[in-house]
Amino acid sequence: LKVSVTGVPVGARARVQALCAEHGGVFSGSLDRECTHLIAMLSPADAGKENKKLRAAHEWGVSVVSYSWVFAQIFTHGCARECDFPPDDFVIVDQLPPRSALEAVPSEEAGCLEGSTFLLVGFASDPEAEWACNRILLHLGGLRVPFYFDTVSYVVVNTSMTLSEQDQRLVAELAARSPAGV
């Protein structure tokens with residue numbers, strides 16, 4: 001595997017680079033024809049903008065995946081399907097808050113969640129909150145995973161929305177497993 005990134009915050013980029021080295025992959029700051037995957041994290045503000053790496057990836061047949069794919073690839077020992085991990089944060093909504101949520105986090109706290117994994121529950125109907133949560137987690141060095149693994153450190157439940165039946169079952173199951181509850 002040879003991966004490159006576009007739109008990925010600095011801390012997350014460094015983590016991808018370290019994980020590539022640790023697990024036998026190659027990280028490239030620039031996208032070339034030898035790259036097998038491009039990890040893309042695009043904000044809604046990026047939706048209509050030209051992205052040279054994305055364009056080249058499509059032209060060269062490079063798989064474009066989300067940041068979560070890297071970890072799924074490790075957890076599944078190389079069996080994560082690219083089609084299950086479309087690029088992160090690409091939610092087209094009329095109005096999303098600016099990246100001011102990140103500006104409120106002191107820079108010295110960047111990376112304080114390093115090594116922690118997060119599952120977000122109840123955010124499907126609230127793309128603004130989901131987008132903001134993703135960016136904050138990444139800025140602080142945390143990782144959002146797309147589904148529950150035994151290695152999930154924290155489950156974040158959006159209590160401002162009514163949970164779907166599936167999310168309610170998941171929260172109940174996790175609460176039953178945890179001595180501290182959810």
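Predicted model: local features only at pLDDT ≥ 70, side-chain atom pairs only at ≥ 80, totals over all residues.

**Entry 1: the Lys2 end.** I began with Lys2, which sits in strand β1 (residues 2–6). Its side chain forms a salt bridge with that of Asp32, at 2.8 Å from N to O. Lys2 is in β1 and Asp32 in the loop between β2 (26–27) and β3 (37–40), so this pair ties together parts 30 residues apart in sequence. Lys2 also bridges to Glu34, at 3.6 Å from N to O. Glu34 is in the loop between β2 and β3 as well, so here the parts tied together are 32 residues apart. I logged Lys2, Asp32 and Glu34 as a linked network of salt bridges.

Are these residues buried or exposed? Lys2 counts as buried because its relative accessibility is 15%, and the limit for buried is under 20%. Asp32 is partly exposed at 24%, while Glu34 is exposed at 60%. I also listed what Lys2 touches beyond its neighbours within four places in sequence: among them are Val26, Ser28, Cys35, Thr36 and His37.

**Entry 2: the helix pair.** Another bridge joins Arg55 and Glu59, at 3.8 Å from N to O. The two are four residues apart in helix α2 (residues 52–60), so about one helical turn separates them. Arg55 is partly exposed, with 43% relative accessible area, and Glu59 is exposed, with 58%.

**Entry 3: the sheet.** I then looked at an open sheet of three strands, ordered β6-β5-β7 with parallel pairing. β6 (143–144) and β7 (154–157) each have a single partner strand, so one side of each has no neighbour in the sheet. β5 (residues 117–121) pairs with β6 over two bridges, and I found Leu143 as the bridge partner of Thr117. Helix α6 (residues 165–177) lies across β5 and β7, at about 135° to β5.

**Entry 4: whole chain.** I counted six helices and seven strands, running β-α-β-β-α-β-α-α-β-α-β-β-α from the N terminus. Of the 182 residues, 41% count as buried. For contacts between residues at least 6 apart in sequence, 75% join residues at least 24 apart. The accessible surface comes to about 10,000 Å², with 53% belonging to carbon and sulfur atoms.

Conventions. Residues numbered from 1 in each chain as written. Heavy atoms only, no water. Buried < 20%, exposed > 50% of the residue type's maximum accessible area, 1.4 Å probe, protein only. Contact = heavy atoms within 4.5 Å. Areas by Shrake-Rupley, 256 points an atom, 1.4 Å probe, with all protein chains shown as cover. Pairing = 2+ DSSP bridges. Axes fitted to C-alpha atoms, helices over the stretch in contact; angles between N-to-C directions. Salt bridge = Lys/Arg side-chain N within 4 Å of Asp/Glu carboxyl O.
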